[in-house]
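I hope they are handy while you look through the coordinates.

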Amino acid sequence: MEERKMYKAICSDCGKECEVPFKPTPGKPVRCQDCFRKNRPQRSFGGNRRFGRDRRFDRRPREMHKAICAECGKECEVPFKPTEGKPVYCKECFAKRKESQNNSEEF
Ligand SMILES: [Zn+2]
Ligand SMILES: [Zn+2]
């Protein structure tokens with residue numbers, strides 16, 4: 001097993017001393033793990049096309065289907081086609097049921 005050599009460097013973002021697993025290149029900014037993570041592009045969805053291969057479905061708007069919540073009887077919209085005979089729940093009731101399901105699972 002090769003031991004990973006760590007190099008001391010000063011984070012160009014926060015100025016903290018940190019260690020990096022590569023030799024810092026003069027003139028190139030070095031970031032500590034915290035700043036590195038902060039600077040990583042983090043978009044919730046649809047942002048980065050280069051990495052968006054498995055997110056194809058995010059490109060077009062979701063088709064919403066009208067449904068009646070089986071719990072409270074309110075009209076709601078769901079992102080999937082309601083299956084006949086299967087209950088559909090509005091967001092609120094869905095969240096409520098999920099909560100109670102989680103509880104019973106823990107039990
Ligand atoms: Zn930093
Ligand atoms: Zn409901």
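**Notes on the model**

1. Strand E1 and strand E2 (residues 17–20) run antiparallel and are joined by four bridges. Two strands count as paired here if DSSP finds at least two bridges between them. Opposite Tyr-7 stands Val-20 in E2. Six residues lie between the strands of this E1 and E2 hairpin, and Gly-15 takes a positive phi near 75° there.

2. A word on provenance and conventions. This is a predicted model, in which local features need pLDDT of at least 70 and side-chain atom pairs count only at pLDDT 80 or more, while totals for chains, interfaces and linings use all residues. Residues are numbered from 1 along each chain as its sequence is written, and chains are lettered from A and ligands numbered from 1 in the order in which they are written.

3. On confidence, pLDDT is the predictor's own score for each residue, from 0 to 100. The protein chain averages 81, and 76% of the residues score at least 70. By element, E3 has the highest confidence, at 93, and helix H2 (residues 91–106) the lowest, at a mean of 80.

4. Now the overall layout. The protein chain holds two helices and four strands, in the order β-β-α-β-β-α from the N terminus on. These elements are DSSP runs numbered from the N terminus: helices are H or I with at least four residues, strands are E with at least two.

5. How much of the chain is buried? Buried residues make up 4% of the 107 residues. The cut-offs rest on C-beta atoms placed from the backbone: a residue is buried if 20 or more other C-beta atoms lie within 10 Å of its own, exposed if 12 or fewer, and partly exposed in between. As for contacts (C-beta atoms, placed from the backbone, within 7 Å), residues 24 or more positions apart account for 3% of those with a separation of 6 or more.

6. Lys-5 sits in the segment before strand E1 (7–10). Is this residue buried or exposed? Lys-5 counts as exposed because it has 9 C-beta neighbours inside 10 Å. Its C-alpha lies 9.5 Å from that of Glu-19, a residue 14 places apart from Lys-5 in sequence.

7. Strand E3 (residues 65–68) and strand E4 (residues 75–78) run antiparallel, with four bridges between them. Lys-66 has Glu-77 as its bridge partner in E4. The E3 and E4 hairpin has six residues between its strands, and Gly-73 there takes a positive phi near 80°.

8. Ile-68 belongs to strand E3. There are 15 other C-beta atoms within 10 Å, so Ile-68 is partly exposed. Apart from neighbours within four places in sequence, Ile-68 is in contact with Gly-73, Glu-75 and Val-88.

9. In strand E4 you will find Val-78. Why is Val-78 classed as partly exposed? The reason is its count of 17 other C-beta atoms within 10 Å. Setting aside residues up to four places away in sequence, Val-78 touches Met-64, His-65, Ala-67 and Val-88. Cys-90 is 12 residues apart from Val-78 in sequence and 7.5 Å apart in space, C-alpha to C-alpha.

10. Last, a look at helix H2, where Arg-97 is found. Arg-97 counts as partly exposed because 14 C-beta neighbours fall inside 10 Å.

How values were computed:
Two residues are in contact if their C-beta atoms, placed from the backbone, lie within 7 Å.
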